[in-house]
Amino acid sequence: MPDLKERFSMIDQIGSPDLWSDARRRAMTSDATSRSVSLQPDRWRRAATAFVAFAVFAGAADFAWNLSHPDVAPRPRPVPAVDLAAELPAGWSELPAPPEVRSDAATAWTGSELLVWGGYEYVGGDEDPSADGFAFDAAARRWEPMPPSPLEGRSGSAFAWTGGELLIWGGWDGGFRDPPYLGDGAAYDPIARTWRMLPEAPIGARAAFSAWTGTEMIVWGSTDRAARRVDGAAYDPISNTWRTIADGPIDITDGSAVWTGQEMIVFGAALDSNNHADTPTAIAAAYDPEANAWRELPASGLSPQAMTASWLSDELIAWDYDQASAAYDPVGDAWRPLERVPLAFSECRPVSVATVGTVFGEFCGKTVAMSADEGEWRKIPMPLPSDTRGECCWVLEPVVAGGVVLVPAHLYGMQLDPLERRMFAYNPVPAARTNRMGEVLDPEPFFPPTERDGGLLRMPVVFPDGTSATLVYPIALDLASLGVQPAVSYLWRSDPPPRFPIVFLHDRQASIAEYVSGSEPVGSVPSYQRIEVWRMSEEWSDRRRLPQGHWLRFGLPSWTVLVALEDAGQSEEIARTPAP
Amino acid sequence: VQDEGVEADIDRDRSRHEDDEAGRRIELVYREHGARMWRAVFLTSGSREVADDAVAEAFAQALRRGSAVRDPAAWLWRVVFRLAAGELKERGRVERFEVESVAGLPDPFVDLWRALAKLPLKQRASVVLADYAGWSHREIAKALGSSVSAVGVHVHRARKRLRDLLEDEDA
């Protein structure tokens with residue numbers, strides 16, 4: 001009997017239709033109604049416009065474009081991702097201040113822009129939510145207004161970044177009519193700089209908890225203390241459809257929704273208008289979109305009055321306003337207590353966000369972080385001016401932007417007006433692990449396979465642009481045993497800091513002045529004409545938080561490789577190792 | 001103003017050039033993957049109509065998006081299954097799996113065809129991508145918007161069920 005794979009392969013005997021011309025025809029068609037697979041009209045229109053541009057170009061009829069599309073601007077092109085973690089120093093730094101610091105806004109990091117839409121600027125009173133937004137262009141380091149949206153102003157919306165669009169649904173309109181909640185939504189495409197409305201959701205208007213699963217935005221429950229809700233829905237941007245989801249098993253009005261990779265965990269408590277909680281501790285439940293089913297989590301032991309949670313590696317890290325902290329492991333379905341957050345009790349609501357390997361927390365303007373390696377909270381004092389000139393308070397609105405946390409902040413005064421706006425960036429510094437030379441290994445030691453070639457080792461490396469090279473070096477300079485990891489180290493731009501101290505320069509003529517002190521090497525390896533020892537520049541060392549050290553400079557046919565060595569004595573000893 | 005106009009022209013030309021290049025890349029993906037994609041959707045949906053529509057629409061969407069689609073093959077595999085799933089949902093999941101659709105193919109395949117009809121959609125999609133397209137569970141999870149562990153369960157259950165059904169058929 002043939003096995004399954006053999007049976008499956010028999011379908012290759014069936015001819016498949018040639019659908020290429022159909023696909024091209026559809027791409028040029030702006031009439032979506034004849035298609036059996038539904039698409040959003042706005043997308044059809046936009047896409048058709050784009051394809052016409054393509055077709056016109058193919059026919060080299062440039063004038064036709066101008067004649068037939070006098071009002072069509074050049075289509076925005078995708079902007080290369082900006083890796084702020086690679087560009088910014090470890091720890092705190094400062095970026096241009098936003099036009100406003102919005103609380104309860106819909107936010108997204110697109111890979112190159114931070115989008116902030118809606119919400120309100122908190123200056124101590126009841127502020128009206130806005131119907132506009134701003135985008136921080138990380139490459140240009142500037143803020144720009146987002147195009148006008150079709151939505152009315154709101155705060156506390158459910159929102160999600162899909163990888164291509166910022167989805168926004170529901171929220172509070174800032175008024176007190178009954179009900180003061182909104183039930184419509186829209187999606188913003190930052191490449192096309194256009195908005196489209198979402199179809200009508202199968203649930204009522206509200207300010208809901210939300211999470212992005214990778215394919216759907218789940219919208220569940222309500223933050224309205226006067227009207228508890230346990231129903232929800234999920235929106236799929238590809239099919240542009242909503243589905244209802246199973247009702248949750250618990251009520252929550254305050255708390256966090258977190259996506260674990262498999263489940264959405266909602267963590268918090270149901271509070272009434274006097275801040276009294278229904279339960280003695282914060283509670284949680286998890287929704288599995290595959291099974292469309294919920295499960296209740298064990299009681300957390302944390303205060304139900306004010307709390308926050310974020311997902312760190314494989315645990316939910318939760319923290320309450322009394323500074324107690326605990327971690328929930330979904331595999332063991334159990335909580336474990338963590339060390340207390342090292343901040344004083346206050347009547348504030350803790351806020352946390354998670355970036356790669358680190359949870360960032362904020363409480364009453366004080367900041368803390370927990371890395372997955374350390375497993376405990378530590379203070380990371382923010383470089384805010386200590387002299388607030390007798391004014392009131394700093395409001396911080398942290399948002400994850402790739403590997404860093406951007407923190408728009410503003411100081412408001414006794415006259416309830418924003419006095420000063422700033423934006424800080426926190427680039428996490430995970431607990432350092434070092435090799436026997438004290439070099440930082442990050443995140444796990446990785447030794448690319450090497451091939452022995454006589455007295456040399458050959459190490460193939462592939463670079464992000466798809467090109468490859470083979471690093472050839474004497475066995476005596478065993479880079480792998482030194483912890484030098486070219487493949488990984490070149491990827492430092494997307495890895496959490498600290499970066500691995502090796503630098504490849506594509507162009508042999510490229511200046512290495514950025515990395516070294518002086519204009520001449522401080523030594524060389526007599527047996528190897530193309531290995532020089534350079535002193536590391538203080539600026540580079542400071543920027544990367546590396547101890548002052550040396551570089552070995554390898555000159556390869558098309559690459560210059562700088563390998564950092566932290567200890568001068570060791571570097572020279574290695575550099576002088578005689579040829580095998 | 002003149003400089004801005006020139007810059008806008010340059011930008012537009014560059015944008016078109018990128019779309020032109022993207023169109024070529026997408027066509028290459030069609031030539032390389034199109035037939036396999038169509039057969040995978042056909043195996044999953046049991047319907048030539050759904051497969052035709054999903055594949056043509058997925059490539060049309062890729063063409064419209066142009067250079068915004070950075071990895072067309074991966075993007076298209078994901079979208080073609082999402083579109084097929086959406087189409088089946090609209091049709092109330094009435095999947096045909098009519099034997100006439102695979103007339104002329106060897107009996108062992110026709111038996112498999114009948115057995116596939118008895119699997120839930122996610123199991124069927126998972127086992128088709130695993131055993132026909134040769135994908136890893138991780139890749140399937142990405143394409144189907146599922147988790148790796150869920151795909152593992154789907155594939156395991158689908159294979160077991162198919163083997164049981166095929167054994168019954170052979171008996």
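**Before you click**

This is a predicted model: local features need pLDDT of at least 70, side-chain atom pairs count only at pLDDT 80 or more, and totals for chains, interfaces and linings use all residues. Residues are numbered from 1 along each chain as its sequence is written, chains are lettered from A and ligands numbered from 1 in the order in which they are written, and side-chain values use heavy atoms, with hydrogens and water left out.

**Stop 1: all of chain A**

Select chain A. It holds 8 helices and 40 strands. Helices (H or I, at least four residues) and strands (E, at least two) are DSSP runs, numbered from the N terminus. Of its 580 residues, 52% count as buried. Buried means under 20% relative accessible area, exposed over 50%, and partly exposed in between (1.4 Å probe, protein chains only). Now think about contacts, meaning heavy atoms within 4.5 Å. Among contacts in chain A with a separation of 6 or more, 50% come from residues 24 or more positions apart.

**Stop 2: a four-stranded sheet**

Select β2 to β5 of chain A. These 4 strands form an open sheet in the order β2-β3-β4-β5, with antiparallel pairing. Its edge strands are β2 (106-109) and β5 (142-145), and each pairs on one side only. The twist averages 15 degrees from one strand to the next. Axes here are lines fitted to C-alpha atoms, for helices over the stretch in contact, and angles run from 0 to 180 degrees between N-to-C directions. Two strands pair if DSSP finds at least two bridges between them. Zoom in on β4 (residues 133-137) of chain A: 4 bridges link it to β5(A) in the antiparallel sense. There, A:Ala135 has A:Glu144 as its bridge partner.

**Stop 3: A:Arg102**

Where is A:Arg102 found? Look in the loop between β1 (91-95) and β2 of chain A. Is A:Arg102 buried or exposed? Its relative accessibility is 5%, so A:Arg102 counts as buried. Show its side chain. A polar contact is a pair of N or O atoms within 3.5 Å; within protein, one must be able to donate a hydrogen and the other to accept it, and residues adjacent in sequence count only if both atoms are side-chain atoms. The side chain of A:Arg102 makes one of 2.6 Å with the side chain of A:Asp132. Another, of 3.5 Å, joins the side chains of A:Arg102 and A:Ser130. Beyond four places in sequence, A:Arg102 also has contacts that include A:Val116, A:Tyr120, A:Phe134 and A:Glu397.

**Stop 4: a hairpin**

Select β16 (residues 283-288) and β17 (residues 293-296) of chain A. They run antiparallel and are joined by 4 bridges. A:Ala286 stands opposite A:Arg295 in β17(A). The hairpin has 4 residues between the strands, and A:Asn292 takes a positive phi near 50 degrees.

**Stop 5: another sheet**

Move to β18-β19-β20-β21 of chain A, an open sheet of 4 strands with antiparallel pairing. The edge strands β18 (307-312) and β21 (334-338) each pair on one side only. Neighbouring strands are turned by 25 degrees against each other on average, direction ignored. β20 (residues 325-329) pairs with β21(A) over 5 bridges. A:Ala326 stands opposite A:Pro337.

**Stop 6: a helix in chain B**

Finish at helix α5 (residues 121-131) of chain B. Here 10 of the 11 residues are buried, so the helix is largely enclosed by the rest of the structure. Among them are B:Leu121, B:Arg124, B:Val128 and B:Asp131.
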